[in-house]
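Visitor: Hi! Could you walk me through this structure?
Guide: Happy to, let's bring it up.

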Amino acid sequence: RLLIAISAAVVVALLAIASGTGLGVYHDQQSRLTQARVDRAAAQRVVAATVARAQSDGITTAQLASVLSQEASIVGGTPIAPHLGWFDNGEIGRIQHQAAELRGLVGRIDAIQVAATGGARDRVATVLAQMDAAIAAAQATGIDTTAEVAFLAGVRDSVARSTAPAQVDA
């Protein structure tokens, strides 16, 4: 009887320890899962703000279509069910990966904006070249073009400092 009582006490003690350890692991995983979700939500807000900034700078939705499509595919998908009802089965890693991919989209949006700004500068350069030719023709006939030359210098400086297509067009 003593042996059975000791065995029962050992089993109860082991179950209590295992249960406590399991609860500790569960709480740790829930904390990490919550933090991963917060990080993903923050990354989504950064992408949304970057898209809004790009659109206010003159980038069209069509130019951003590939990034917006990729954003939708990143956050899509089904959550990974926990193993045995409560142990993480990869969901934390999936959410962390989503957050990292979303942060990577910001660089793609910036690249789209840089390319669009370069295109706007090229269009303005063509107009400026035509104006230079007109000024040269006017100077050849003896017309004073000092004001026009100064104006074009200001325009060139403004275009060079522009970081968005809307600034170039202004």
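What follows is a chat about the fold, the cores and the surface.

Visitor: What should I know about the model before we start?
Guide: This is a predicted model, where local features need pLDDT of at least 70, side-chain atom pairs count only at pLDDT 80 or more, and totals for chains, interfaces and linings use all residues. Residues are numbered from 1 along each chain as its sequence is written, and side-chain values use heavy atoms, with hydrogens and water left out.

Visitor: How many helices and strands does the protein have?
Guide: There are five helices and zero strands, giving α-α-α-α-α along the sequence. Helices (H or I, at least four residues) and strands (E, at least two) are DSSP runs, numbered from the N terminus.

Visitor: Where is confidence lowest, and where highest?
Guide: Helix α5 (residues 165–169) is lowest at a mean of 69, and α2 is highest at 90. The protein averages a pLDDT of 81, and 84% of the residues score at least 70; pLDDT is the predictor's confidence in each residue, from 0 to 100. Where pLDDT is low, the predicted coordinates should not be read in detail.

Visitor: OK, on to the inside. What percentage of the residues count as buried?
Guide: Of the 170 residues, 25% do. Buried means under 20% relative accessible area, exposed over 50%, and partly exposed in between (1.4 Å probe, protein chains only).

Visitor: Which residues of the largest nonpolar core touch the most other members?
Guide: Val47, Ile59, Leu64, Leu102, Leu105 and Ile109, out of 15 residues in that core. Helices α1 (2–56), α2 (61–75) and α3 (91–140) each supply at least two residues of this core, and the largest share, seven residues, comes from α3. A nonpolar core is a set of buried Ala, Val, Leu, Ile, Met, Phe, Trp, Tyr and Cys residues joined through side-chain atoms within 4.5 Å.

Visitor: And which residues is Val47 in contact with?
Guide: Leaving aside neighbours within four places in sequence, Val47 is in contact (heavy atoms within 4.5 Å) with Glu71, Leu102, Leu105, Val106 and Ile109. Apart from this core lies another, of five residues, among them Leu128, Ile135, Leu152 and Val159.

Visitor: Let's switch to Ala125. Where is Ala125 found?
Guide: In helix α3. Ala125 counts as partly exposed because its relative accessibility is 41%. Ala125 and Arg156 are 31 residues apart in sequence and 8.5 Å apart in space, C-alpha to C-alpha.

Visitor: Last one: is Leu2 buried or exposed?
Guide: Leu2, in helix α1, counts as exposed, at 64% relative accessibility. Thanks for the questions!
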